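Colleague: Please take me through the fold and packing of this chain, one question at a time.

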Amino acid sequence: METRTLAVEGPEPDTAELCARVYELCRDGPVGIVLDAGAVAAPTLATVQALARAALTARRLGVPLRVRAAPGLVGLLELVGLGELLGEAEQREPPGGVQEGVEPDDLPV
């Protein structure tokens, strides 16, 4: 499957335009899409909304989509529960303070 990259520009991308671009890429056949938002220096919730709607467009068309983002946007996506858009979840560290297992003899902290 071919992977195509779309650049996301500006902290507040045009949602309708981004979704239309995703749709156009998906019409040609099976592809994977990477939204490259690495240049977005000051992401806002409008950025997150545009990425979420683009991901929904791709999902409706059966196309895998992931986001490549700068650390500020990564944190924002994870904060709003959209960390799965970043892909490669198995390589990221679990959130701090989360216990992976509990022993029966462990005392609560």
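Colleague: In which strand does valine 67 lie?

Modeller: This is a predicted model, in which local features need pLDDT of at least 70, side-chain atom pairs count only at pLDDT 80 or more, and totals for chains, interfaces and linings use all residues. Residues are numbered from 1 along each chain as its sequence is written, and side-chain values use heavy atoms, with hydrogens and water left out. With strands taken as DSSP runs of E of at least two residues, helices as runs of H or I of at least four, and both numbered from the N terminus, valine 67 belongs to strand S3.

Colleague: Is valine 67 buried or exposed?

Modeller: Buried means under 20% relative accessible area, exposed over 50%, and partly exposed in between, for a 1.4 Å probe and protein chains only. The relative accessibility of valine 67 is 2%. Valine 67 is therefore classed as buried.

Colleague: Which residues does valine 67 contact, leaving aside its neighbours within four places in sequence?

Modeller: A contact requires heavy atoms within 4.5 Å. With the sequence neighbours within four places left aside, the partners of valine 67 are Leu35, Ala37, Leu51, Leu77, Leu85 and Leu86.

Colleague: What separates the C-alpha atoms of leucine 85 and arginine 66?

Modeller: Leucine 85 is found in the segment after H3, and its relative accessible area of 7% makes it buried. Beyond four places in sequence, it touches Leu51, Ala52, Ala55, Leu65, Arg66 and Val67. Although leucine 85 and arginine 66 are 19 residues apart along the chain, their C-alpha atoms are separated by 4.8 Å.

Colleague: In what order do the strands form the open sheet?

Modeller: Two strands pair if DSSP finds at least two bridges between them. The edge strands, each pairing on one side only, are S1 (2-7) and S3 (65-69). Neighbouring strands are turned against each other by 25° on average, direction ignored. The 3 strands pair in parallel, in the order S1-S2-S3.

Colleague: Which residue in S2 stands opposite threonine 5?

Modeller: S1 and strand S2 (residues 31-37) run parallel and are joined by 6 bridges. S2 is largely enclosed by the rest of the structure, because 6 of its 7 residues are buried. Opposite threonine 5 stands valine 34.

Colleague: At what angle do the axes of H1 and H2 cross?

Modeller: Thr15, Leu18, Cys19, Val22 and Tyr23 of H1 meet Ala50, Leu51, Arg53, Ala54, Thr57 and Ala58 of H2. Axes are lines fitted to C-alpha atoms, for helices over the stretch in contact, and angles run from 0 to 180 degrees between N-to-C directions. The axes of helix H1 (residues 15-27) and H2 come within 9 Å and cross at roughly 30°. H1 is therefore roughly parallel to H2, a term for angles under 35 degrees, with over 145 roughly antiparallel, 65 to 115 roughly perpendicular and the rest oblique.

Colleague: How are H2 and H3 oriented to each other?

Modeller: H2 packs against helix H3 (residues 71-79) at about 70°, with the axes 10 Å apart. Leu45, Thr47, Val48 and Leu51 of H2 make this contact with Leu73, Leu76 and Leu77 of H3. The two helices, H2 and H3, are therefore roughly perpendicular.

Colleague: At about what angle does H2 run to S3?

Modeller: Helix H2 comprises residues 45-60. It lies across S2 and S3. Its angle to S3 is about 155°.

Colleague: What share of the contacts with a separation of 6 or more comes from residues 24 or more positions apart?

Modeller: The chain contains 3 helices and 3 strands, and from the N terminus on they run β-α-β-α-β-α. Of its 109 residues, 34% are buried. Among contacts with a separation of 6 or more, the share from residues 24 or more positions apart is 72%.
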